[in-house]
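Okay, thanks everyone, let me get the model up on the screen.

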Amino acid sequence: MITFLKLGGSLITEKDKARHARQATIRRLGMEIREAMEERPDLQIILGHGSGSFGHIPAHKFKTRDGVFSQDEWLGFAEVHHEAQSLNQIVMDIFFECGLPCIPISPLSAVEAKNGIAEKWDIFPIIAALKNGMIPVVYGDTVFDIIRGGTILSTEDLFVFLAAKIKQSGRVLLAGWEEGLWEDFPDRTKLISKLEISNYPDQKKEFLKGSLFTDVTGGMAEKVHLMANLIQNDIIRSALIFSGEKPLNLRNALLDQIPGTLLYSNKEE
Ligand SMILES: Nc1ncnc2c1ncn2[C@@H]1O[C@H](COP(=O)(O)OP(=O)(O)OP(=O)(O)O)[C@@H](O)[C@H]1O
Ligand SMILES: C=C(C)CCOP(=O)(O)O
């Protein structure tokens, strides 16, 4: 079973401080991944990370996700990619120091999008990395788009494409700053431990909102929407939304514990 693991921008950056990476947190997360892999050597992980206060700030300024046409917007496209790639370099440097066999995979260089959706992507390098015991690392990025000129695909958008293409039972782990899904966001007094999503979006709830910070990819509402589709179509078994902020949560999630909110379908139970 493949594990798609996202380290959210809300976790690895200070989302309200431009270009601020949380290096100590990234290091701890790297060590937790390493510990889990030592305990479970058969873990196959496709890692992805968000852009947080790196890519989202210029992406918001230039409205890059909606399309790229003018010269100014193409400069913005380049700036957003530069930010996303800079954060990726920080993550790669730290994970390399942690001894993780990570290999970066640049979405911009390989993905073709059509109207905001990944349409073509040669995933041979990702499969080859997995087969050789490595961890391919993707990240939310700008990509060229045959309708919009350019756009932005989130880490979750990339996972949607990869999970459908790989056609192997998998699970998604989304590590962010929040403990999971709050039923009363933003008051945060009632945490949901399990959410059955077979009737989604009929059962769509008011509490699914965007991020409180600058974010162009839809925040929690979009995460749940994309994950619900994958589960309903039997592309993944489940998705876990949890906090990577609490030490050992990531390690425990990789080792099958449920430290947050599990999205699942009754068909599986
Ligand atoms: N019901 C809810 N429960 C928990 N968080 C929620 C809820 N509704 C909205 N949110 C917000 O959505 C955010 C998660 O979306 P966000 O896109 O910021 O996460 P991320 O994937 O970590 O970031 P990035 O997109 O930078 O990678 C939470 O941090 C919170 O601010
Ligand atoms: C804003 C950019 C560049 C990517 C967004 O990806 P996400 O942080 O995974 O939502």
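Before anything else, one cut-off: when I say buried, I mean under 20% relative accessible area. With that in mind, take strand β8, residues 149-153: five of its five residues are buried, so the strand is largely enclosed by the rest of the structure. And do keep in mind that this is a predicted model.

Staying with β8 for a second, who does it pair with? That's strand β7, residues 141-145, and the two run antiparallel over five bridges. The pair makes a hairpin, with three residues between the strands. If you want a landmark, look for Val143, which sits opposite Thr151 in β8.

How many strands does it have, and in what order? There are eight, the sheet is open, and you read across it as β3-β6-β2-β1-β9-β13-β14-β12, with mixed pairing. On the edges you have β3 (102-104) and β12 (194-196), each pairing on one side only. From one strand to the next, the twist averages 20 degrees.

Zoom in on the β12 end. β12 pairs with strand β14, residues 261-264, in the parallel sense, through three bridges. There, Leu195 has Leu263 in β14 as its bridge partner.

On to what packs against the sheet. Helix α7, residues 155-166, touches β1, β2, β6 and β9 (170-176), and its direction makes about 175 degrees with that of β1. Then there's helix α2, residues 23-39, lying across β1 (2-7), β2 (44-49) and β6 (135-139). Relative to β2, α2 runs at about 170 degrees.

One helix pair I like is α3, residues 52-62, with α4, residues 71-97. Their axes are 8 Å apart, and the packing angle is about 170 degrees. That makes α3 roughly antiparallel to α4, since anything over 145 degrees falls in that class. On the α3 side, the residues making the contact are Phe54, Gly55, Pro58, Ala59 and Phe62. They meet a set in α4 that includes Val80, Leu87 and Ile90, but also Asp72, Glu73, Glu79 and Glu83. By class, that contact comes out as seven nonpolar, three polar and four charged residues.

Okay, annotations. UniProt, in an unreviewed entry, gives "binding site" for Ser51, His56 and Thr155. They're spread over 105 residues of sequence, yet they cluster in space, with a largest C-alpha distance of 12.6 Å.

Ser51 is in the loop between β2 and α3. At 10% relative accessibility, Ser51 counts as buried. Beyond its sequence neighbours up to four places away, Ser51 touches Gly9, Thr13, His56, Ala84, Leu87 and Gly140.

So is His56 buried or exposed? Buried: His56 has 9% relative accessibility. His56 is in helix α3. Leaving out neighbours within four places, His56 contacts Lys15, Ser51, Thr214, Asp215, Val216 and Thr217.

The unreviewed entry also lists "binding site" for Lys6, Leu7, Gly8, Gly9, Ser10, Gly52, Gly219 and Lys223. Let me pick out two of these. Gly219 is in helix α8, residues 219-232, and counts as buried at 13% relative accessibility. Apart from residues up to four places away in sequence, Gly219 touches Lys209, Gly210 and Ser211.

Lys223 is also found in α8. What does Lys223 contact, setting aside neighbours within four places? It's Lys6, Glu156 and Leu174. Follow that to Glu156, over in α7. Glu156 is buried, at 3% relative accessibility.

Last stop, Asp187, in the loop between β10 (181-182) and β11 (191-192). Asp187 counts as exposed, with 61% relative accessibility. How far is Asp187 from Leu153, C-alpha to C-alpha? The two are 30 Å apart in space, and 34 residues apart in sequence.

That's what I had, so over to you for questions.

Terms used:
Residues are numbered from 1 along each chain as its sequence is written. Chains are lettered from A and ligands numbered from 1 in the order in which they are written. This is a predicted model: local features need pLDDT of at least 70, side-chain atom pairs count only at pLDDT 80 or more; totals for chains, interfaces and linings use all residues. Side-chain values use heavy atoms; hydrogens and water are left out. Axes are lines fitted to C-alpha atoms, for helices over the stretch in contact, and angles run from 0 to 180 degrees between N-to-C directions. Helices (H or I, at least four residues) and strands (E, at least two) are DSSP runs, numbered from the N terminus. Angles under 35 degrees count as roughly parallel, over 145 as roughly antiparallel, 65 to 115 as roughly perpendicular and the rest as oblique. Contact means heavy atoms within 4.5 Å. Ala, Val, Leu, Ile, Met, Phe, Trp, Tyr, Cys and Pro count as nonpolar, Asp, Glu, Lys and Arg as charged, and the others, Gly among them, as polar. UniProt positions are given in the numbering used here, feature names are shortened, and annotations may be inferred rather than shown by experiment. Buried means under 20% relative accessible area, exposed over 50%, partly exposed in between (1.4 Å probe, protein chains only). Two strands pair if DSSP finds at least two bridges between them.
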